[in-house]
Amino acid sequence: MTANVAILGASGYTGAELVRLLATHPGMRIAALTADRKAGQPMAQVFPHLRHLDLPTLSTIEQVDFAGLDLAFVALPHGLSQALVRDLPPTLKVVDLGADFRLTPEGYKSWYGADHVAPDLQEEAVYGLTEFYRDRIRTARLVAGTGCNAATVQFALRPLIESKLIDLDDIVCDLKNGVSGAGRSLKENMLFAERSEDVAGYSQGGKHRHLGEFDQEFSRLAGREVRILFTPHLIPINRGILASCYVKGDPQAIHAALAARYAPEPFCVVLPYGELPAMSHVQGSNFVHLGVTGDRVAGRTLVVATLDNLNKGSSGQALQNANLMLGRPETEGLLLAPIFP
């Protein structure tokens, strides 16, 4: 049976990526697409690369008939999902791609500086890192997609924290991110002349909001407080994330643990020991590649993880979760090979 789905906030990069993935999905039909400023426009006008598809015209959220939907993807700017999801029909399944439901009420207030308007839904929401919350996602009504940076680092570190293979007080993560991670809205510092031929850190010194996800998830896993050092950098590419994580622990044991944990996972590839991944190896796909190598200093290890921020880091992850929520095969619509070169 085909499920009717909507994309609320379809005029952004993650909305367009969802449309691209859903276009050939055998079990889901796009029944509604919404935008704010671009309501009333055809999707082909907003995203010419989707011109060949027969898609609904962009509408306002108020114009959507939610009674005819099975699931809604919410791809709105941070802060706008909570009131909207609160007022949606309680029978409608929701995958939120933003930050509104990722953290506990206390964590949200700490990192976003405001009280949440739907704290009961925060408690209900299931964290959307599929490979680690799969069983809960199957029966969830509301799934909160992870931050793309947060997902990348967690793929590298969660199995190591669970297996107690690394020093929890000495974790350093250096991350490179493409400019699409900053969204589609016009920003002066995102102009070509500003970003081309440049690499710049942002939200440094423990200020990046994805640290809230690390604090929450890693501390839960460890049963004690875990605080990592994390520095993200913006680089002049369109899409992709590569995280270099420096830890204390035996490199061979770390590689073996990652290989064992991800062996059954369809989208997680652990490379042979000593081989490290590149962003271009996963671009446009729902795959994450991980590599491990030792350091010249005994007992130190480098773990590198890379994924596509718009796909596995956001829209692909959302579709992976939606497949589970709707009783579809988890990999359905997501086995596209990466784009290369």
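**Figure 1. Overall fold of the protein chain, with 11 helices and 13 strands.** The model is predicted. Its radius of gyration is 19 Å, close to the 20 Å that the globule rule gives for 341 residues, so the chain is as compact as a globular protein of that length. Along the principal axes, the C-alpha trace spans about 60 × 45 × 40 Å. Residues 24 or more positions apart supply 70% of the contacts with a separation of 6 or more.

**Figure 2. The largest nonpolar core, built from 74 residues.** Six residues have the most contacts inside this core: Phe-73, Val-153, Phe-155, Leu-157, Ile-166 and Ile-228. Helix H7, residues 148–162, gives the largest share, 9 residues. Nonpolar side chains tend to be buried together in soluble globular proteins. Across the protein chain, 55% of the 341 residues count as buried.

**Figure 3. Close-up of Phe-155 and its contacts.** Neighbours within four places in sequence are left aside here. Phe-155 is in contact with Leu-129, Glu-131 and Phe-132, among others. Further partners include Leu-258, Tyr-262 and Cys-268. Val-288, Leu-290, Leu-307 and Lys-312 also touch Phe-155.

**Figure 4. Another core, of 21 residues.** This core lies apart from the 74-residue core. Among its members are Val-64, Leu-76, Val-85 and Phe-101.

**Figure 5. Surface and charges of the protein chain.** The accessible surface comes to about 14,600 Å². Carbon and sulfur atoms account for 52% of that surface. The chain has 31 positive and 36 negative charges.

Technical notes: Residues are numbered from 1 along each chain as its sequence is written. This is a predicted model: local features need pLDDT of at least 70, side-chain atom pairs count only at pLDDT 80 or more; totals for chains, interfaces and linings use all residues. Side-chain values use heavy atoms; hydrogens and water are left out. A nonpolar core is a set of buried Ala, Val, Leu, Ile, Met, Phe, Trp, Tyr and Cys residues joined through side-chain atoms within 4.5 Å. Buried means under 20% relative accessible area, exposed over 50%, partly exposed in between (1.4 Å probe, protein chains only). Helices (H or I, at least four residues) and strands (E, at least two) are DSSP runs, numbered from the N terminus. Contact means heavy atoms within 4.5 Å. The radius of gyration is taken over C-alpha atoms; the globule rule is 2.2 Å times the number of residues to the power 0.38. Accessible areas come from the Shrake-Rupley method with a 1.4 Å probe; for residues, only the protein chains shown count as cover. Lys and Arg count as positive and Asp and Glu as negative; His and the chain ends are not counted. The place of a charge is taken as NZ of Lys, CZ of Arg, CG of Asp or CD of Glu.
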